[in-house]
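Q: I have a model open and have never looked at it before. Can we go through it piece by piece?

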Amino acid sequence: MATNSVKLLTGNSHPELAKKVAERLGIDLLDMSVFKYSNQETSVIMRESVRDEDVFILQSTKPGEELNDGLMELLIIIKACKTASARRITAVMPNYPYARQDKKDKSRAPISAKLLANMLQKAGCNHIITMDLHASQIQGFFDVPVDNLYAEPSTLRYIRENFDYKNAVIVSPDAGGAKRATALADRLDLNFALIHKERSRPNEVSRMTLVGDVAGKIAILVDDMADTCGTLVKAADVLMASGAKEVAAIVTHGILSGSACEKINSSKLSKVVVTNTVPHEEKKKGCAKLETIDIAPTLAEACRRTHNGESVSFLFSHAPV
Amino acid sequence: MVRNIVVLGGSSHPDLVNTVCHLLGIPNGRITLSKFAVGETRVEIQDSVRGKDVFVIQSGCGKVNDHLVELLITISACKTASAKRVTAVLPHFPYSRQSDIPYNKTGAPLSKAPTYNGGKNDFTFESRPGTPGPMDSPGLGVSHGGLEKELSRIALERGADGGVNGADRGKSHPPTPLRRTNTADSPSAASSVNVNEWVPPKGTGYKQWVAQAGTLVADLLTCAGADHIITMDLHDPQYQGFFDIPVDNLYGRPLLQRYIKYNIPDYQNAVIVSPDAGGAKRATAIADALGMEFALIHKERRPTRITDRQNATMMLVGDIAGKVAILVDDMADTSNTITRAAKLLKGKGGATRVYALVTHGVFSGDAIDRINASALDKVITTNSVPQDQHKRLCDKLVVLDVGEVFAEAIRRVHHGESISVLFRND
């Protein structure tokens, strides 16, 4: 039993998700303001005490011009809580930014994911909760504990409730996601297929070939993130050409930057389902095929269990009710 | 060996980088800075930095957070590419002080909408705000959605020039940056609140506080891998102590002193004025070096019901009647301090001409408008922050080049020579 209470803080990146998590936890968000001065520096003003409290700071990535602002907000809030004598500071980052810059794949490339890990720890973070890290090895960049939650249980539930899934095939749009897709296929007892692609430049895809059979079935593309959606759209073309009845996509992080929504609208995808790790409500207005899986209960449960000292492993195989 | 040096420029101040490289006689370090589609910063360094002495020049201006992240990623990339030493050169250091909330022309804080219920509201003219704009129902906790919308609305209004409101000059209503509303969709909520009547939530007795990002930025630079920092006129010289690595805090004072000596006629009879008590030490140093008189403007912090709103809470300590007044400060951000000081000096003080010399001319928001409409005759600043936009919009602006100072500092640091010559007082 904890002697202090949960305080939930957030910046400006994803206020809707923060409200949902707060509701689920049965608390109010901390009374604070995060804004910018006229010289563009970020300012954080706290109106409640966090001394000796269990602080959870929810900040996701907001795609677009303000991504780095969101990052600075998070770091400043962490530092503020540290200097305010919080007992423990947990950064809840449903989508970990710069996760794709995680290796030195060419000369002088920065490993920004590692830099971010260092910065978070230096600012005073004691714990990280995130979801579906692009590469789970990023947990090793940290010296503090990292809880890498899975969207899979929520995804499973969605598939069972919304698709005629007995007639479906789980398809991974690339070789890297094969493990993720096979895990899902095994749980649903379905067949699995894979699309092999060659990538010439970042955010650009060239040739794709299908490995497996999708004829007459509903093809469900599964991936961890959809950014420009070039991959998904081309994959849908290949799958329909190979005889699939319908192609849908389920991704955890719906970043949907640039002209992603137009691409989806004009593609052969019947729907694109994303979780609300990344804010995308605005984009739904322009894209009728977009649907949301709410993972706020998962995050809230993780926070609650962390605070109470209970095991979080329940969440790796069950979606909260 | 000069060949072992690489100077990389961030995207905040390309002109200064070009000047420095030109003075050092080396080509600009080849680096490509952009953003991925999602908004993440992308840094690609084309030159090899293995075993080299790398200097990354980035000023804390414009989109401060973007530039800071760019700087950190570049430093980190150089470190993982086996650079021998990485020095971060920040002509203007970001997050080194607690900024003012922007004010409009009458001095009231712009953290609320500019339509007031006349008479009921008492404004103070302190340049440092007591408390920021209040919330309608304290305790709700979520003031974020409204701010976000406001900021993006402001960004659209302002255009891409980094915050100078030149485009708005034709409009009749004052610009409204940073209006803090409680909920996302209630623009009327802000207009009915009063900054001085904010009451803290009952029963808490808790005084709100602003987070200081100073130590955080110092820690971030160190953990990204910087081995050395070169900057100019830090707002607090004690900031050097936040770092475990060496910090060279260069002085802009010699440049300003030289300007006074050679450009202000009859300068020995002019008076150096500090626009606030905190800058007194800075101003007296220049006054003593040049053998000039000194005066000080003192701001009182008590809110009072005032008739002559602009000047009642500012006192001039010293005599400048019939003399040329030279205001000296380290930074001009919203420019409230220097414009109000100029008004006082020319009005009650009786000065004939007023100059303002500041090292860092940030001039954010509608500062340039304020300067143009003010009693200042000339504003002299350095290009630690890019000044091209500002010069186009303000005839009173004179810009001194700090490229030489930084180029000399970099050259000496690279060769391991002393840089004390840059701290001389002549």
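**Working through the model**

A: B:Asp233 sits in the loop between strand 7 and strand 8 (247–250) of chain B. Strands (E, at least two residues) and helices (H or I, at least four) are DSSP runs, numbered from the N terminus.

Q: Before going on, what sort of model is this, and how is it numbered?
A: This is a predicted model, where local features need pLDDT of at least 70 and side-chain atom pairs count only at pLDDT 80 or more, while totals for chains, interfaces and linings use all residues. Residues are numbered from 1 along each chain as its sequence is written, chains are lettered from A and ligands numbered from 1 in the order in which they are written, and side-chain values use heavy atoms, with hydrogens and water left out.

Q: Back to B:Asp233: what is its phi near?
A: Its phi is near 45°, a positive value in a residue other than glycine. Most residues other than glycine have a negative phi.

Q: Is B:Asp233 buried or exposed?
A: B:Asp233 has a relative accessible area of 17%, so it is buried. Buried means under 20% relative accessible area, exposed means over 50%, and partly exposed is in between (1.4 Å probe, protein chains only).

Q: And B:Asp266, where is that?
A: B:Asp266 is in the loop between helix 6 and strand 9 (271–274) of chain B. It is not a glycine, yet it has a positive phi of about 60°.

Q: What does B:His360 touch?
A: Leaving out residues up to four places away in sequence, B:His360 touches B:Pro91, B:His92, B:Met232, B:Asp233, B:Asp330, B:Met331, B:Ala332, B:Thr381 and B:Ser384. Contact means heavy atoms within 4.5 Å. B:His360 belongs to strand 13 (residues 353–361) of chain B, and it counts as buried at 1% relative accessibility.

Q: Stepping back, how many helices and strands are in chain B?
A: Chain B has 11 helices and 15 strands. Of its 426 residues, 58% count as buried.

Q: What about the surface of chain B?
A: The accessible surface of chain B is about 17,300 Å², and 51% of that belongs to carbon and sulfur atoms. Accessible areas come from the Shrake-Rupley method with a 1.4 Å probe, and for residues only the protein chains shown count as cover.

Q: Which helix of chain B is mostly covered?
A: Helix 5 (residues 214–224) of chain B is mostly covered, with 9 of its 11 residues buried. Among the buried ones are B:Leu216, B:Val217, B:Leu220 and B:Cys223.

Q: What do the buried residues of helix 5 of chain B pack against?
A: They pack against helix 2 (67–83) and helix 3 (112–123) of chain A, together with helix 2 (64–80), strand 5 (85–90) and strand 7 (228–232) of chain B. After helix 5 of chain B comes B:Gly225, with a positive phi near 120°.

Q: Pick one residue there. What does B:Leu221 touch?
A: B:Leu221 lies in helix 5 of chain B and is buried, with a relative accessible area of 0%. Not counting residues up to four places away in sequence, it touches B:Leu71, B:Leu72, B:Ile75, B:Leu90, B:Phe93, B:Ala226, B:Ile229 and B:Phe243.

Q: At what angle do helix 3 of chain A and helix 2 of chain B pack?
A: They pack at an angle of about 115°, with their axes 10 Å apart. That makes helix 3 of chain A roughly perpendicular to helix 2 of chain B. Axes are lines fitted to C-alpha atoms, for helices over the stretch in contact, and angles run from 0 to 180 degrees between N-to-C directions. Angles under 35 degrees count as roughly parallel, over 145 as roughly antiparallel, 65 to 115 as roughly perpendicular and the rest as oblique.

Q: Which residues meet between helix 3 of chain A and helix 2 of chain B?
A: A:Ser112, A:Leu115 and A:Met119 in helix 3 of chain A meet B:Leu72, B:Ile73 and B:Ser76 in helix 2 of chain B.

Q: Now helix 6 and helix 7 of chain B: what is their angle?
A: Helix 6 (residues 253–263) and helix 7 (residues 280–290) of chain B pack at about 50°, with their axes 11 Å apart. Helix 6 of chain B and helix 7 of chain B are therefore oblique to each other.

Q: Last one, in chain A. Where is A:Val21?
A: A:Val21 is in helix 1 (residues 15–25) of chain A. It counts as buried at 2% relative accessibility, and it touches A:Leu8, A:Leu58, A:Ala296, A:Leu299 and A:Ala300, not counting residues up to four places away in sequence.
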